[in-house]
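Here is a friendly note to read with the model open beside you. Take the points in order and find each residue as you go.

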Amino acid sequence: MKLTTLTLFITLQLQIKLHSLKQSKGRALILGAIVGGGCDEDVEKLRKFARCIGLLFEVVDDILDVTKSSEELGKTAGKDLVADKTTYPKDLVADKTTYPKLIGIEESREFVKKLNMEAQEQLVGFDVDKAAPLVALANYIAYRDI
């Protein structure tokens, strides 16, 4: 694979987003696995699941921000695209970089499908009934009106 400037930029953006994700839900999931007696492999699978759904939430939020009205969202639509509205250091980007802005809406939707599948793959091997709420959570995040 040839690394282009865009590929490197997207990779950097992914790293920034992964680093800046709110991990409180992920921590709760991991703590639950540890307290529940999960082995290291189970804890790691749930850690990966949490990372996937965290990023999944961010990508879907980016899509909704450019495809829905303020009334539909219950918040100001398009505010992620406003100059100087950034969660990153100002010297890295002039305005908030979103997935639809970087790779387009359709590609962002495909990325959502990939992240949802990757999240759910982490649950293979767990009791199906016990994993069902996590599967439902991933699907809810992925398909919340995009």
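1. **How to read the model.** This is a predicted model, in which local features need pLDDT of at least 70, side-chain atom pairs count only at pLDDT 80 or more, and totals for chains, interfaces and linings use all residues. Residues are numbered from 1 along each chain as its sequence is written, and side-chain values use heavy atoms, leaving out hydrogens and water.

2. **The overall build.** What pattern does the protein follow along the sequence? It reads α-α-α-α-α-α-α, with seven helices and zero strands. Here helices (H or I, at least four residues) and strands (E, at least two) are DSSP runs, numbered from the N terminus.

3. Of the 146 residues, 36% count as buried. Buried means under 20% relative accessible area, exposed means over 50%, and partly exposed lies in between (1.4 Å probe, protein chains only). The accessible surface of the protein comes to about 9000 Å², and 59% of that belongs to carbon and sulfur atoms. Such areas come from the Shrake-Rupley method with a 1.4 Å probe; for residues, only the protein chains shown count as cover.

4. **Contacts across the sequence.** Take the contacts (heavy atoms within 4.5 Å) between residues at least 6 apart in sequence: 62% of them join residues at least 24 apart.

5. **H3 beside H7.** Please look at helix H3 (residues 40–67) and helix H7 (residues 128–142), whose axes come within 9 Å and cross at roughly 20°. Axes are lines fitted to C-alpha atoms, for helices over the stretch in contact, and angles run from 0 to 180 degrees between N-to-C directions. Residues making the contact include Leu46, Phe49 and Ile53 of H3, and Leu134, Leu137 and Ile141 of H7. The crossing of H3 and H7 is left-handed, a term used if the near helix is turned anticlockwise from the far one by less than a right angle; if clockwise, the crossing is right-handed.

6. **H3 beside H6.** How do the axes of H3 and H6 cross? They come within 9 Å and cross at roughly 155°, which makes H3 roughly antiparallel to H6. Among the residues in this contact are Phe49, Cys52 and Ile63 of H3, and Ile105, Phe111 and Leu115 of H6. H3 passes H6 in a left-handed crossing.

7. **H6 beside H7.** The axes of H6 and H7 come within 10 Å and cross at roughly 170°, so H6 is roughly antiparallel to H7. On the H6 side, Val112, Asn116 and Gln120 meet Val135, Ala138, Asn139 and Ala142 of H7.

8. Val66 sits in helix H3 and is partly exposed at 32% relative accessibility. Val66 and Pro100 are 34 residues apart in sequence and 7.9 Å apart in space, C-alpha to C-alpha. Glu121 belongs to helix H6 (residues 105–121) and is partly exposed, with a relative accessible area of 46%.

9. **The cysteines.** Is Cys52 buried or exposed? Cys52 counts as buried at 5% relative accessibility, whereas Cys39 is partly exposed at 39%. The structure holds zero disulfides, a disulfide being a pair of cysteine sulfur atoms within 2.5 Å.

Terms used
Parallel < 35°, antiparallel > 145°, perpendicular 65-115°, else oblique.
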